[in-house]
Amino acid sequence: MKAKELRETSPQDLQTKLIDLKTELFRLRFQLATGQLENPMRIKEVKKSIAQIKTILREEELRAFEQ
């Protein structure tokens, strides 16, 4: 997802998506360790998505704190 689309999503949905991505990252790392991973670039994509969601959640937290 694009950052703009993520910013339009509710914080609860972002938290749910974050949990799903962390679970997926765990599975990908497990597949990498066992030699079953087909697309190693997927790990990078998932890590980037996790970082984007965490950044947006933090921005919203700071915005709420300022008000």
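## Basis of the description

The model is predicted, so local features need pLDDT of at least 70 and side-chain atom pairs count only at pLDDT 80 or more, while totals for chains, interfaces and linings use all residues. Residues are numbered from 1 along each chain as its sequence is written, and side-chain values use heavy atoms, with hydrogens and water left out.

## Overall fold

The protein has three helices and zero strands, and its elements run α-α-α from the N terminus on. The radius of gyration, taken over C-alpha atoms, is 14 Å, well over the 11 Å given for 67 residues by the globule rule (2.2 Å times the number of residues to the power 0.38), so the protein is more spread out than a compact globule. Helices (H or I, at least four residues) and strands (E, at least two) are DSSP runs, numbered from the N terminus.

Along the principal axes, the C-alpha atoms fill a box of roughly 50 × 15 × 15 Å. Of the 67 residues, 22% count as buried, that is, under 20% relative accessible area, with exposed meaning over 50% and partly exposed in between (1.4 Å probe, protein chains only). Among contacts (heavy atoms within 4.5 Å) between residues at least 6 apart in sequence, 65% join residues at least 24 apart.

## Helix α3

Helix α3 covers residues 41–66. Its 26 residues should span 38 Å at 1.5 Å a residue, and its end C-alpha atoms are 38 Å apart, which agrees; the expected span is 1.5 Å times one less than the number of residues.

The buried residues of α3 are I43, V46, I50, I53, I56, L57 and E60, and they pack against α1 (3–7) and α2 (11–34). K44 also lies in α3, but K44 is exposed, with a relative accessible area of 58%. From K44 to R27 the separation is 17 residues in sequence and 13 Å in space, C-alpha to C-alpha.

## The cavity

A search of the whole structure finds one cavity of 30 Å³ or more. A cavity is a set of points on a 1 Å grid, over the protein atoms alone, where a 1.4 Å probe fits but cannot get out; lining residues have an atom within 4 Å of a point. Grid points are joined across faces, edges and corners, and a volume is the space filled by probe spheres set on the points.

The largest cavity holds about 30 Å³ of space and is lined by M1, L6, K17, S49, Q52 and I53. Helix α3 supplies the largest share of this lining, three residues. By class, the lining has three nonpolar, two polar and one charged residues, where Ala, Val, Leu, Ile, Met, Phe, Trp, Tyr, Cys and Pro count as nonpolar, Asp, Glu, Lys and Arg as charged, and the others, Gly among them, as polar.

Note on methods:
On a 1 Å grid over the protein atoms alone, a cavity is a set of points where a 1.4 Å probe fits but cannot get out, and a pocket is an open set with protein on both sides within 12 Å along at least five of seven lines; lining residues have an atom within 4 Å of a point.
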